[in-house]
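I opened the notebook to log what I looked up, entry by entry.

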Amino acid sequence: MTSPQPRIGVLRFPGACDDRDALWALSALDAEAVFVWHTETDLPDLDAVVLPGGFSYGDYLRCGAIARFAPAMETVAAFAAEGGLVLGICNGFQILCEAGLLPGVLRRNESLSFVCRDVPLVVERTDTPFTSRCAEGERLTIPVKHGEGCWFADDALYDELETSRQIVLRYAEPVNGSRNDVAGVVNERGNVMGLMPHPEHAMDPLLGSADGALILSSLVDAARDRILAGV
Amino acid sequence: MRATVLVRPKHGILDPQGQAVESSLRQLGFAVGEARVGRVVDLEVESNDPAGARAEVERMCEQLLANPLIESYEIELVEPPGD
């Protein structure tokens, strides 16, 4: 084990379904992963937070629209505002967009069909706490499973994000109708990322790919660095 | 006072649901142009002052009922019958 061991919270919403996989994956990467219930308003001294995939609050109204009002989300917003590391996966990405912590919005897939398969991704940026273990332009294989993963930003917002290099991951082929094949974005400061693919489901070559571990171990590294830096 | 909120995909935003409805209607033999699919929210608002009620429903739309990046909304107020 590399010390110190960062403590990473996995937020649990009613309707989440990938929370245990996220907890398992982070633990397998030497983090102390702990669940945080959505009604909590105190984060137990965390070095990073992961919002896992699922169908929080039944995806009523719009995906993530209700979860963003969970008591824990206010704390997550404050944590992010202080520079805390936050990663949203799938439904977690949708929640972060609805909460205004990430740019854009996730809509129904262009095909109207649920997509569930391994997809090829291209890493656009490696100078983020979520992709430091990847190489620029590297192709990753990570599964997606979503009905509402079509990321959208209008022209003005999209141009702004391109200029500020906030697009971190793109699909290497069309998957869901996302604008310019965007699969993952960061906030301007670079401490909050959301992505539709599921790194926690790509942890072992036996299951098709271990590329997800690159994303999650980048996060574990960055969380550890924050401890060492005394943040 | 009752309010009805109509939430629609903004003009120019691709609406795959609307396209699916449109092609199904054509298959049924209906001569339709573009179809767009939105959402209706019926609400009871406590305020009986139309201006105040409208302002409150507008805030509801901005904060929750619509996502202003992709959706537009219209508010219809139904005033209670005067006595």
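What radius of gyration would a compact globule with 231 residues have, and what does chain A have? I looked up both: the globule would be near 17 Å and chain A has 16 Å, which agrees. The radius is taken over C-alpha atoms, and the globule rule is 2.2 Å times the number of residues to the power 0.38.

I noted that this is a predicted model, where local features need pLDDT of at least 70, side-chain atom pairs count only at pLDDT 80 or more, and totals for chains, interfaces and linings use all residues. Residues are numbered from 1 along each chain as its sequence is written, while chains are lettered from A and ligands numbered from 1 in the order written.

**Chain A**

I checked the box around the C-alpha atoms: roughly 45 × 35 × 35 Å along the principal axes. I found five helices and eleven strands in chain A. These are DSSP runs, numbered from the N terminus: helices are H or I with at least four residues, strands E with at least two.

**Arg226(A)**

I located Arg226(A) in helix α5, residues 212-228. Arg226(A) counts as partly exposed because it has 18 C-beta neighbours inside 10 Å. Buried means 20 or more other C-beta atoms within 10 Å, exposed 12 or fewer, partly exposed in between, with C-beta atoms placed from the backbone. By that rule 54% of the 231 residues of chain A are buried.

I then looked up contacts (C-beta atoms, placed from the backbone, within 7 Å). Leaving aside neighbours within four places in sequence, Arg226(A) touches Asp47(A) and Val231(A).

Notes. Contact = placed C-beta atoms within 7 Å.
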